[in-house]
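Biologist: I would like to go through this structure with you. Please tie each label to its cut-off.

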Amino acid sequence: MQPIAPAEAMRTMRAALPLRTERLVLRLLRPDDLEAVRAYRNAPGQRRWTYNADQTEAELMAWTAGGAPVFLRDGDAVQLGIELDGALVGDLMVRITSLGSRQAELGWTVSQAVQGKGVATEAARAALELAFALGAHRVMAHLDEENVGSRKVAERIGMAVEGRHVDDELNPATGEYGTSLILAVRRPA
């Protein structure tokens, strides 16, 4: 099996965006998204699941700088905004974890106002298909085992638990160790 070809992956991503689903638009983040991103990412309780302290002004500016997706090396990622009815309600990461092994990772964050309404599932399902189109043969999600909502999203898009890592990461938002779950799905034959 050939590795993911960086140029082809970038062409595929660029051609796919903006990506429309039944209710959503997935698109690149841009500088005018800064305040919306700050509002949902730094909301009370939200950082618990992302294992980060509140994002600083400089981090938010970098996060929302925009620009074409780049997949040149393992770990390169693109952060896509999730729009519902024209409003930015979250974002979703598509990361190529290994070009050679054709592995990708998804991660999502949505505003508390739309949690439980299928937004994360709809966005993650579209991103999963996009990751397969980029050439991934396996796509995973890495999340805190107490994040029941995200686990349900991962399972709804076909992912299954492959691993559980007890007290594997210190969460700066809580000061406590968290237990991670690794969920994944392989490309259908």
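Modeller: Thr174 is partly exposed, because its relative accessible area is 32% and that label covers values between buried, under 20%, and exposed, over 50% (1.4 Å probe, protein chains only). This is a predicted model, where local features need pLDDT of at least 70, side-chain atom pairs count only at pLDDT 80 or more, and totals for chains, interfaces and linings use all residues. Residues are numbered from 1 along each chain as its sequence is written, and side-chain values use heavy atoms, with hydrogens and water left out.

Biologist: Where is the place of Thr174?

Modeller: Thr174 sits in the loop between strand E7 (160-171) and strand E8 (176-186). Helices (H or I, at least four residues) and strands (E, at least two) are DSSP runs, numbered from the N terminus. The side chain of Thr174 reaches the backbone nitrogen of Glu176 at 3.2 Å. The C-alpha atoms of Thr174 and Gly45 are separated by 9.7 Å, and these residues are 129 apart along the chain.

Biologist: Why is Glu83 called buried?

Modeller: Glu83 has a relative accessible area of 14%. Glu83 is found in strand E3.

Biologist: What makes the pair of Glu83 and Arg27 a polar contact?

Modeller: Their side chains come to 2.5 Å. A polar contact is a pair of N or O atoms within 3.5 Å; within protein, one must be able to donate a hydrogen and the other to accept it, and residues adjacent in sequence count only if both atoms are side-chain atoms. Glu83 also touches Arg23, Leu24 and Leu88, among others. Contact means heavy atoms within 4.5 Å.

Biologist: Is Ser111 buried or exposed?

Modeller: Ser111 is buried, because its relative accessible area is 16%. Ser111 lies in the loop between strand E5 (103-110) and H5. Not counting residues up to four places away in sequence, Ser111 touches Tyr40 and Val89.

Biologist: Why is Asp85 called exposed?

Modeller: Asp85 has 74% relative accessibility, and exposed means over 50%, so the label holds. Asp85 lies in the loop between E3 and strand E4 (87-98).

Biologist: What is the phi of Asp85?

Modeller: Asp85 has a positive phi of about 55°, although it is not a glycine. Most residues other than glycine have a negative phi, and most peptide bonds are trans. Asp167 has a positive phi too, of about 45°. Asp167 lies in strand E7 and counts as partly exposed, because its relative accessibility is 46%. A cis peptide bond joins Leu17 and Pro18, with omega about -5°.

Biologist: Which residues touch the most other members of the largest nonpolar core?

Modeller: They are Ile82, Leu92, Val94, Leu106, Trp108, Val139 and Met159, out of 45 residues. Helix H5 (residues 119-134) gives the most to this core, with 11 residues. A second, separate core of 6 residues includes Leu34, Val37, Tyr40 and Leu60. A nonpolar core is a set of buried Ala, Val, Leu, Ile, Met, Phe, Trp, Tyr and Cys residues joined through side-chain atoms within 4.5 Å. In soluble globular proteins, nonpolar side chains tend to be buried together.
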